[in-house]
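Welcome! Here is a short tour for anyone meeting this structure for the first time. Please take a look at the picture before reading on.

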Amino acid sequence: MTRIRHIIIVLAAILTTATCWAQAQKEIPERNQPSKFAIQKVDFDHVKEVTFNPKNAYYYPKLMQAYFSNDTTMSIEAWRNFYYGYTFQEDYNPFRESIYSSKVEELYYKQPHTRAECDTIENYADKSLKDNMFDMNQMNFFIYVLKEKKKHARASIWRFRLDRLIAAIMSSGRGTKEEPWVVISPEHEYNIINFLGFVAVDHETLEGNIDYIKVQPVAGKNTEGFYFDISRMMQVAALKFPDI
């Protein structure tokens with residue numbers, strides 16, 4: 001059943017994530033592309049060790065404090081441990097979805113927005129992110145509405161957070177079968193694909209908990225699809241939700 005739930009979420013993401021990101025990128029044309037970082041395979045044993053050690057710089061409560069204090073000096077290694085270390089936290093749910101997220105999406109696509117509608121989007125996006133801090137779709141909604149309300153400094157902070165999370169994921173591999181990107185949420189597969197300028201058209205789960213996402217052809221590019229490692233995500237799902 002865990003596998004079925006994963007597939008259902010993946011199919012839903014194909015329909016919604018591309019629209020969300022395409023619209024957001026059109027409305028927020030300026031963005032800082034994540035810098036090129038060295039590719040480093042994720043060692044979850046090591047991630048657990050450092051994020052559970054109070055004396056380590058990557059102790060998870062320290063990373064959380066840095067994140068919520070808008071620390072822009074966090075290294076890519078800190079962001080990697082922050083993202084992947086979340087899978088060892090008690091409230092981690094790979095299929096997590098805030099009850100507020102659908103409220104944001106319904107209103108977001110009714111553009112243009114009045115001031116009152118922007119207030120509502122901001123309110124629900126903020127609540128969604130407090131419930132699921134790695135929801136990249138909600139980050140995009142939040143950035144959009146903050147810019148609409150001329151809250152540029154705050155929008156920049158969220159843009160920085162989003163770009164660094166994307167960079168952390170992309171530093172885990174190359175999106176190939178040999179070096180897949182490691183994700184902790186099904187939606188993140190599509191966030192990465194859309195960030196790269198592609199649109200997902202099909203999904204296939206291969207042996208070894210590898211997802212293959214086929215993309216629409218893009219002029220000048222010979223990419224047919226990308227590979228994602230969902231092993232950790234499915235491992236936790238099987239332990240926490242064996243009957244779902």
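Two strands pair if DSSP finds at least two bridges between them. Helices (H or I, at least four residues) and strands (E, at least two) are DSSP runs, numbered from the N terminus. This is a predicted model, in which local features need pLDDT of at least 70, side-chain atom pairs count only at pLDDT 80 or more, and totals for chains, interfaces and linings use all residues. Residues are numbered from 1 along each chain as its sequence is written, and side-chain values use heavy atoms, with hydrogens and water left out.

**The strands**

Let us begin with strand 3 (residues 210-215). Strand 2 (residues 200-206) pairs with strand 3 in the antiparallel sense, over six bridges. Within strand 3, Tyr212 is the bridge partner of Glu204. Three residues lie between the strands of this hairpin, where Gly208 takes a positive phi near 80°. Strand 3 also runs antiparallel to strand 4 (residues 225-229), with five bridges joining them. Here Ile213 stands opposite Phe226 in strand 4. Is strand 3 mostly covered or mostly open? Strand 3 is mostly covered, as five of its six residues are buried; buried means under 20% relative accessible area, exposed over 50%, and partly exposed in between (1.4 Å probe, protein chains only).

**The whole chain**

Stepping back, the protein chain has 10 helices and four strands. Along the sequence they follow the pattern α-α-α-α-α-α-α-α-β-α-β-β-β-α. Of the 244 residues in the protein chain, 49% are buried. Counting contacts (heavy atoms within 4.5 Å) between residues at least 6 apart in sequence, 64% join residues at least 24 apart.

Which residues of helix 2 (residues 44-51) are buried? They are Phe44, Val47, Val50 and Thr51. Seen down the axis of helix 2, these buried residues fall within an arc of 130°, so they line one face of the helix; the arc is that of the directions from the helix axis to the C-beta atoms. The face turned away from the buried side carries the exposed residues Asp45 and Glu49. The buried residues of helix 2 pack against helix 3 (60-68), helix 4 (76-85), strand 1 (181-182) and helix 10 (231-240).

Helix 4 is mostly covered too, with eight of its 10 residues buried. Among them are Trp79, Phe82, Tyr83 and Tyr84. The buried residues of helix 4 pack against helix 2, helix 3, helix 8 (152-170), strand 1 and helix 9 (186-195).

**Salt bridges**

Side chains of opposite charge can pair when their charged atoms come close. A salt bridge is a side-chain nitrogen of Lys or Arg within 4 Å of a carboxyl oxygen of Asp or Glu, and by this rule the count comes to 10 salt bridges. Here are some of them.

| Pair | Closest N and O atoms |
|---|---|
| Arg80 and Glu77 | 3.5 Å |
| Lys149 and Asp119 | 2.5 Å |

Arg80 and Glu77 are three residues apart in helix 4, so about one helical turn separates them. Arg80 counts as buried, at 6% relative accessibility.

The salt bridge of Lys149 with Asp119 links distant parts of the chain: Lys149 is in the loop between helix 7 (136-148) and helix 8, while Asp119 is in helix 6 (residues 115-131), 30 residues apart. Lys149 counts as buried at 11% relative accessibility, whereas Asp119 is partly exposed, with a relative accessible area of 32%. Salt bridges that share partners join Arg115, Asp119, Glu122, Asp126, Lys130, Lys149, Lys151 and Arg154 into one network.
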